Amino acid sequence: MNAPLRRVAISVLVLFTLLILNVNYIQVVRADKLRNDPSNTRVLAEEYDRERGSIIVDGKEIALSTPTPGRLKYLRQYPQGELYAGVTGYYSLVYSKTRLEQAENDLLSGSDPRLVLRRLADLFTGRDPAGGDVVLTLDPAVQQAAMTGLQGQTGAVVALDPSTGKILGLASTPSFDPTKLSSHDPAAIRAYRDKLSDDQLTNQAIDQRYSPGSVFKVVVSAAALATGKYTPDTQIAAPDKLTLPGTKTTLENFAGESCSSTGKQSLLDALRISCNTAFAQLGIDLGEDKVRSMAEAFGIDDQKFDMPLKVAGSTLGSIDNDAQLGVSSIGQQDVQLTPMQAAMIAAAVANHGSLMKPYLVDRVTAPDLAVVDRTEPEEMSKPISSDVAKDLTQMMTAVVANGTGRRAQIDGVEVAGKTGTAENATNASDHSWFIGFAPADHPKIAVAVFIKHGGSTGGDISAPIAKSVIQAYLAGQGGN
Amino acid sequence: MAGPITDPRTPVAGADVPKRRGTEALLLGFAVLITVVAQCIVDLTITGSLRPEMAGFCVWITALWVAAHLAIRRWAAYADPLLLPSVALLVGLGLTVIHRLDLASEQVDATATREDAPVQLIWATLGVALFVAFLVVVRDHRTLSRYAYTLALIGMALLAIPALLPSSLSSVNGAKIWIRLAGFSIQPGEFAKICLVIFFAAYLVDKRDVLALASRRVAGMELPRGRDLGPVLLAWVLSILVLVFERDLGSSLLLFGIFVVMLYIATERSSWLLIGVVLFAGGAYIAYNVFAHVQARVDTWLDPFAYKNGAGYQLTQSLFGLGTGGLFGAGLGGGRPDQVPVAKSDFIASAVGEELGLFGLVAVIVIYLILVERGLRTSLVARDAFGKLLAAGLAFAVAWQVFVVLGGVTGLLPLTGLTTPFLAYGGSSLVANFVLVAILVRISDAARRPATPHVAPQRLGDAPTEVVTQ
């Protein structure tokens, strides 16, 4: 019986070798694929073992991880709830991560290469590796004023520091409570998520672009002034009705009003009262090239950018003929801007024609609070000369002083601005816009206010929000 | 240190065979050390401090192996020195992983107080007690052959009971392989396996001349006569019955495999293997086409990720665990082996692979290999045909079971419901396997013990075919 026994012994050896080979195949060859399979929740669960870094505004944590009993060691919380939801996003077991939680995940989770040396140190000292903190540029007073102003509306407010590009406010309504999406109870997370509308999960300031209406006239004015052939005082045609070239369509002013009894007015007045016929004709006179290149210089070039949240690209759309050019010149047709882009237009004018790249993260710090990286202000483009900027400031100041933007006036502070009331879809209310900056002679803040289907003019409902946001910021700057 | 002086098998003077008990003691100490260190690592990693029962556990586990070792010294002094330490290491590792999974469920639900590790320790204690009792009571393994037919009957009955019981008393997760009474669950198949192997050994030793010699030559191969196919067909039918009535693919495959291999060893006729394979293929083909649950098993095996939220959930989670573990593993207490359903029993190997990595899992496979090969070696040197065949059958049973289970958990084979010997949670399996090892120890003691005048020296291939009774 020994011969078959030996053969059985060898067969057993072969069987076990097969087992070992197969285990090698799984744990070595296929290991990476299995480890990173989206259905493999182990890596995600591992993230919850580390203390995730905080997101900080003005010294206060707006997103933080607190230890909890249970299998997942840390719970993500957002003490201010809805106020910063569009900025922080959420950190969810079920729906992954969004916004800053996603964009700054490497640093927050501690896997960022900039933290490598500290992680090595943790390895030797036996401390649990923790993530770094992200400190934002936001101003809590600005954010609060913006959210309060937008209450009950679908809309957005973007506030920038024109001289640096710091984002002072980034508000979007309606909002949601990210804490509820970041709990450890998948059923509760799903139930809450199912109740949220698309508008709640959209950051209106950066995710979507909308018809800007008359706000775009600032860009056309800039294109005109940049030619050197126009000054704020240049008289331009401002008929009651304009028949668009090559069509039988006539363009009218808002509510069919007349811009000027003489059919002519200064460029400044045309912007002040937001004369549609004047700007349509002006755009046609300038030609598509001048309008388009000025728009692109302001950043309206269909390109997304990161700040580090993704900002959708703004666009001029295609312009096939002079009729379309005329309509585009008053911010209709296919022209679409994000509220962020609208704020950037105001900021560029405010900053003597230099557009600073907007940024949300002031600095990132290691768990021991040492600064790991700091964002340096960076010029994105210089769409206009400082002379043109000066002229535009004069014109926009007139808009607020005695034009369509009166409701943005602040006692003792000169505010520059431009309103916009944009037709979008038939049967839908107009979008209501306001962009502006203050103080006009020495700008500290530039804002854009957008209310989706606001149903009223930008001057009526958006300008007051801009006013309260500017006031909130200037009050914090020691009154001005 | 040998048996009592009246033992007729007392070694004759001059035949100085090393007993190797010191080696065994050393290896056992090593196994205990690994167990205790692993237990400490689990506690420290998960809870940050040692549990209060740790000291008690250390004493208990040490006492277990000391008792088993002393029993071998006293009643089986010449036994193979690697059998018990292999078992000790596997049991210790199993206890550790089960304890680790207990802690995991407490982490998920702080109110969960059900702890399986202490229960498993009690089963291990019972197993060692039976191990010692066996060595004390059965001084000569050949005694077992006297009860071959009784054991066959018991084995069949144990196999049949769950099939006959109402599902409420016998079915867990679809497989009707349990006897559940008064809070206890027994898996009689594990005991049936041993009973049937003993019977196979006795029966085949008895009939091997007929089965081996009477043959016809067909196509260059010695084929048995039609009427001699009876026993193998019976074993095949029995396996199919198990599959049909208990939906237990594993036991079915295990029993048939063991029988065919033992038949081959007994008769030295490879034609039996061929017949076995043909019968297996036929059975498998029929089973696949007739039984939906077999079909489901095979489909999930072929593409587990297509069923990852359903039937393939267990297997994909197991593969995720193994993949995440990688070469070195997450470390004891560092992984998420509790994400695999029933990780404590059927899928304990994936928990080992996730936390101890490829190295840990291969180490476990190699320990099994050592256990099996020592069993087969015992068979090689055994002096009597019954002992030879019995040792081979038992060793192969362990090998085949480990192959089928680990192959299932790692996706090499379709999943079956077999338990991982010594490692997995489950009283029946643990206790039964202790008895299995006790038999191997007993046979190896007889095999390595220097020959006495009572047993004439014999050539290995020429062992007596008749069973010595009385």
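This is a predicted model: local features need pLDDT of at least 70, side-chain atom pairs count only at pLDDT 80 or more; totals for chains, interfaces and linings use all residues.
**Chain A as a whole**

The secondary structure of chain A amounts to 19 helices and 21 strands. Of the 480 residues in chain A, 54% are buried.

**A sheet and a buried helix**

In chain A, six strands form an open sheet with mixed pairing, and their order is β3-β2-β1-β6-β16-β17. The edges are taken by β3 (74–77) and β17 (371–374) of chain A, each of which has a single partner strand, so one side of each is left without a neighbour in the sheet. From one strand to the next, the twist averages 25°. Within this order, strand β6 (residues 133–136) and strand β16 (residues 361–365) of chain A pair in the antiparallel sense over 4 bridges, and Leu136(A) is found opposite Val361(A) in β16(A).

How many of the 11 residues of helix α14 (residues 276–286) of chain A are buried? The number is 10, and therefore this helix is largely enclosed by the rest of the structure. Among the buried residues of α14(A) are Phe279(A), Leu282(A), Ile284(A) and Leu286(A), together with Asn276(A) and Gln281(A). Just after α14(A) comes Gly287(A), which has a positive phi of about 95°.

**Where chain A touches chain B**

Between the two chains, 32 residues of chain A are in contact with 45 residues of chain B. On the side of chain A that touches chain B, the elements that give two or more residues are α1 (2–29), α2 (31–35) and α3 (42–47) of chain A, and α1(A) gives the most, with 18 residues.

Two packed helices are described by the angle between their axes and the distance between the axes. For α1(A) and helix α14 (residues 348–381) of chain B, the angle is about 180° and the axes are 10 Å apart, which means that α1(A) is roughly antiparallel to α14(B). The residues of α1(A) that take part include Leu5(A), Val12(A), Phe16(A) and Val23(A), while those of α14(B) include Leu358(B), Leu361(B), Ile365(B) and Leu376(B).

The table gives the classes of the residues involved.

| Contact of α1(A) with α14(B) | 17 residues | 6 residues | 1 residue |

Note on methods:
Residues are numbered from 1 along each chain as its sequence is written. Chains are lettered from A and ligands numbered from 1 in the order in which they are written. Two residues are in contact if their C-beta atoms, placed from the backbone, lie within 7 Å. A residue is buried if 20 or more other C-beta atoms lie within 10 Å of its own, exposed if 12 or fewer, and partly exposed in between; C-beta atoms are placed from the backbone. Two strands pair if DSSP finds at least two bridges between them. Axes are lines fitted to C-alpha atoms, for helices over the stretch in contact, and angles run from 0 to 180 degrees between N-to-C directions. Angles under 35 degrees count as roughly parallel, over 145 as roughly antiparallel, 65 to 115 as roughly perpendicular and the rest as oblique. Ala, Val, Leu, Ile, Met, Phe, Trp, Tyr, Cys and Pro count as nonpolar, Asp, Glu, Lys and Arg as charged, and the others, Gly among them, as polar.
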